[in-house]
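Biologist: I have a protein model on screen and I'd like to walk through it with you. Could you help me read it?

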Amino acid sequence: MSLTFIIIALLFFWLAVALLLWLARRDLLKKTWREPYIREKVVVIESDDWGPGGDFHADRLLRLVDVLSSYKDSLGRPAVLTADMVLTVPDLKQTVTTPDQPLKRNTLNRDFPIVHQAFLNAMQVGVFVPQLHGLEHLYGEGLKKLAEKNDPRVQIAMQTEHWWDWESLDSPLQGHYVDGTSLPSKPLEADMQQEIVDNATHLFEQCFGFPTASTVAPCYLWVDDTEKAWADKKIRIIQTAGYRCPGRKEDGSYIQDRQEARPGDCNALGQIYLVRNAMYEPVDGRRENECIRQIEQAYSQASPATISTHRYNYTRTEDECEMSLTGLQNILNHCTKKYKDLRFVSSVELGLWLLEQGSLINPADKTTWPSLTAITGLKKTGPFLNRLWYRHQKIRLIAIITGLVVPAGLLARIL
């Protein structure tokens, strides 16, 4: 049997396998091909839960700002943090002493002036872009009822003066648009969600001087009514972890009703989804080496690298703060040295670019930056094949078993 015959037979075999894959997964393949692909190496840093806190938070923020300012992209722009803001915290002690009164909330701009000013200063430096996380990082009325009953889940918040670490409460209590005070959780009524979003967007603009255009739901818990409330306030961009959770089961586990969201996916209201694909949560054990691996994996797919790193990494113990800052430096140092076409971008800029593909405008300091470049045509082939490889285990397994990985890899290199 000649070598030529073997090669021709293999080519026909691989062609048959590819045809069968197309017939079996046509919709998936077409959708993946139509996704946005970006030429530049984009870094988005999304950080939830910033807002009211002890005055020492201002110092911690200043140290974070110093790190971000020290690294520049290919256009000389410093690294930028999309800070998803919590705007109020409940005053549980007053709530308990006056149970017949509405829940008292302490607001960022009125009751935490030092921290609020630190945020404004960071905006002026160009490294801090606030966006909305929530009016609070919990369901306030539900928490009020628990406090009145002396529920043990909220005792630490009631007994600790100037309590600020609301993210460490029992996890189901941190849902903002769902009531997790008892499980299974229940979504809040649509009119209640609308009132929360109305109040939050109004207060956000009071705090920062411009409207929010993107948001992420606390604990990724939200439903269709939430999206409608956001859309009513012109929030067009939804930050996600790649899925949506409408609630939690009796055992506390998450329910997912919208899985495998991809950057650029739109809902029925025309809102666009962003996806976090690089985790840097060192306090939880998600360190910089794994984050760097995920960033490189995103770039092989011509996707933006969207890093998740929550506030508590920088605002708990001094040792944890120092560890988190050092790891972030390692990540930014790696990216700035390795990638000559690196671009630091905020979530709102990326989202609006995906919708409109215009120039990038930082809403916090009004600076304008050149647009990103979409990859089109056959140049998408390599990133397209990498997306299939990393996302879909069955397709990857078929490619390995049949040897289809060989011509696919060659095709990706050629194109």
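Here is our chat about rings, surface and contacts.

Modeller: Before you start, this is a predicted model, where local features need pLDDT of at least 70, side-chain atom pairs count only at pLDDT 80 or more, and totals for chains, interfaces and linings use all residues. Residues are numbered from 1 along each chain as its sequence is written, and side-chain values use heavy atoms, with hydrogens and water left out.

Biologist: Okay! Is Phe13 buried, partly exposed or exposed?

Modeller: You'll find Phe13 in helix 1, residues 3-24 (helices are DSSP runs of H or I with at least four residues, strands are E runs of at least two, both numbered from the N terminus). Buried means under 20% relative accessible area, exposed means over 50%, and partly exposed is in between, using a 1.4 Å probe and protein chains only. Phe13 has 38% relative accessibility, so it's partly exposed.

Biologist: How many aromatic pairs does a search of the whole structure find?

Modeller: Rings of Phe, Tyr and Trp (its six-membered ring) pair if their centres lie within 6.5 Å; planes under 30 degrees apart count as stacked, over 60 as edge-to-face and the rest as tilted. Searching the whole structure with that rule, the count is 10.

Biologist: What kind of aromatic pair do Phe56 and Trp164 form?

Modeller: Their centres are 5.8 Å apart, with 70° between the planes, making the pair edge-to-face. The two sit 108 residues apart, with Phe56 in helix 3 (residues 56-69) and Trp164 in the loop between helix 8 (155-159) and strand 6 (178-179). Phe56 is partly exposed at 35%, whereas Trp164, at 16%, is buried. To repeat the kind of pair: edge-to-face.

Biologist: Why is the pair of Phe204 and Phe210 edge-to-face?

Modeller: Both residues are buried, by the way. Their ring centres are 5.7 Å apart, and the pair is edge-to-face because the planes meet at 85°.

Biologist: Which ring does the charged end of Arg248 sit over?

Modeller: A charge sits over a ring if NZ of Lys or CZ of Arg is within 6 Å of the ring centre and within 35 degrees of the ring normal. For Arg248, the distance to the ring centre is 4.1 Å, and the ring belongs to Tyr254.

Biologist: Last one: which residues is Pro370 in contact with, leaving aside its neighbours within four places in sequence?

Modeller: Pro370 is in the loop between strand 19 (368-369) and helix 15 (381-391), and at 44% it's partly exposed. Contact means heavy atoms within 4.5 Å. Setting those neighbours aside, Pro370 touches Leu75, Arg343 and Leu360.
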